[in-house]
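Trainee: I am new to this structure. Please show me how to read its features, one at a time.

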Amino acid sequence: MCGRYATSRTPTTLVDDFESDLGDLFVDTGPDFNLAPTKLAPLVVARSGDAGPRRELVTAKWGLVPSWAKDPSIGNRLINARSETVAEKPSFRSAFAKRRAIVPADGFYEWYQPEAEPGAKRPPKQPFFMSAEGGLGLAGLYEFWKDPEGEWLLTYTILTTSAEGEDGRIHDRAPLIVGAEVAEHWLAAEPWPEALEHLVPATPGVLDTWPVSTEVNNVRNNGPELVEPLPLEGE
């Protein structure tokens with residue numbers, strides 16, 4: 001799964017990188033190097049206008065709340081959508097058909113469980129940061145949910161896939177990346193049944209990957225030091 005990531009690009013940089021405008025629903029929450037579920041984060045969506053569709057940078061809450069949900073707390077369980085079933089699951093199928101988004105990220109964290117020596121206690125998990133130069137655009141879906149008072153809540157989820165393969169893996173699931181060449185089609189508000197065939201699994205063989213401090217385990221810790229590589233032994 002993808003349960004924690006970093007995003008520190010400024011609004012100006014995000015607008016340039018994703019060829020978008022600042023939307024009315026954008027709020028600058030500042031850099032976040034330990035972005036966890038239920039937090040607010042930047043999201044790129046396509047909105048209709050008089051001149052046709054345009055890309056907008058908005059702010060949304062991580063954890064998708066379907067429009068039919070009675071309680072927004074369901075979003076706490078819907079931070080990721082499995083690509084294998086996203087077109088059929090009631091929580092995601094409508095958003096997958098017409099509310100696809102791009103989640104800007106510097107990179108994301110995964111935790112690797114080392115094997116224990118025979119008879120030894122299982123060692124603690126080691127966090128890794130996975131990134132690429134210039135940052136990532138992860139595949140997401142979004143929904144609008146209206147509360148009983150008539151206020152709208154914008155939420156999103158991140159698509160994942162199996163991380164099995166020759167590229168190696170740290171975790172058994174990996175988020176999917178939207179390449180610039182398919183971004184327009186991905187964001188279009190119309191069904192694209194073959195969409196998943198054009199996304200790239202974010203695995204160690206695709207991204208730069210390095211171990212980081214276990215300080216990231218505590219969501220209260222938040223700063224650029226969290227993504228710094230651990231020094232090699234002997235340094």
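## Reading the model step by step

Mentor: Start with Thr-38, which is partly exposed, at 40% relative accessibility. Keep in mind that the model is predicted.

Trainee: Where is Thr-38 placed?

Mentor: Thr-38 sits in the loop between strand 3 (32-35) and strand 4. Look at its backbone next. Most residues other than glycine have a negative phi. Thr-38 has a positive one, near 80°.

Trainee: Is Ser-20 buried or exposed?

Mentor: Ser-20 counts as buried, because its relative accessibility is 5% and the cut-off for buried is under 20%. Ser-20 lies in the loop between helix 1 (11-17) and strand 2 (21-22). Leave aside neighbours within four places in sequence, and Ser-20 is in contact with Leu-14, Val-15, Arg-55, Glu-56 and Leu-57.

Trainee: Now the strands. How do I read their pairing?

Mentor: Begin with the side chains. In a regular strand they alternate between the two faces of the sheet. Then ask which strands are bridged. Strand 7 pairs with strand 8 in the antiparallel sense, over twelve bridges. Within that pairing, Gly-107 stands opposite Ser-131 of strand 8.

Trainee: Which strand pairs with strand 7 over two bridges?

Mentor: Strand 1 (residues 5-7) does, also in the antiparallel sense. There, Tyr-5 has Phe-108 of strand 7 as its bridge partner.

Trainee: How many of the 13 residues in strand 7 are buried?

Mentor: Twelve of them, so strand 7 is mostly covered.

Trainee: What does Leu-138 touch?

Mentor: Not counting residues up to four places away in sequence, Leu-138 touches Ala-101, Ile-102, Val-103, Ala-105, Ile-158, Pro-175, Leu-176, Ile-177 and Val-178.

Trainee: How many residues are in the largest nonpolar core?

Mentor: There are 30. Those with the most contacts inside this core are Phe-92, Ile-102, Ala-139, Leu-141, Leu-159, Val-178 and Trp-186. Two or more residues come from each of strand 4 (40-47), helix 2 (93-98), strand 8 (126-146) and helix 3 (183-187). Another core lies apart from it, with 26 residues, among them Val-45, Ala-60, Ala-101 and Leu-136.

Trainee: What is Val-178 in contact with?

Mentor: With neighbours within four places in sequence left aside, the contacts of Val-178 are Ile-102, Gly-137, Leu-138, Ala-139, Ala-183, Trp-186 and Leu-199.

Trainee: How do I find empty space?

Mentor: Rolling a probe the size of a water molecule over the atoms shows where empty space is left. Here the count is one cavity of 30 Å³ or more. The largest cavity holds about 50 Å³ of space. Eleven residues line this cavity, and the closest to its centre are Glu-110, Met-130, Ile-170, His-171 and Arg-173. Strand 7 (100-112) and strand 10 (173-177) each give two or more residues to the lining. By class, the lining of this cavity has seven nonpolar, one polar and three charged residues.

Trainee: And the pockets? How much space lies in the largest one?

Mentor: About 280 Å³. The largest pocket is lined by 15 residues, with Asp-17, Phe-18, Val-178, Gly-179 and Ala-180 closest to its centre. Strand 8 supplies the largest share of that lining, four residues. By class, the lining of the largest pocket has seven nonpolar, four polar and four charged residues.

Trainee: What is the volume of the second largest pocket?

Mentor: About 190 Å³. Its lining includes Arg-47, Arg-54, Arg-55 and Glu-184. Strand 4, strand 5 (54-62) and helix 3 each supply at least two lining residues. By class, the lining of the second largest pocket has five nonpolar, one polar and four charged residues.

Note on methods
Residues numbered from 1 in each chain as written. Predicted model: local features only at pLDDT ≥ 70, side-chain atom pairs only at ≥ 80, totals over all residues. Heavy atoms only, no water. Core = buried A, V, L, I, M, F, W, Y, C linked by side-chain atoms within 4.5 Å. Buried < 20%, exposed > 50% of the residue type's maximum accessible area, 1.4 Å probe, protein only. Contact = heavy atoms within 4.5 Å. 1 Å grid on protein atoms, 1.4 Å probe; cavity = no way out; pocket = protein on both sides within 12 Å on 5 of 7 lines; lining within 4 Å. Points joined across faces, edges and corners; volume = space filled by probe spheres on them. Nonpolar A, V, L, I, M, F, W, Y, C, P; charged D, E, K, R; others polar. Pairing = 2+ DSSP bridges.
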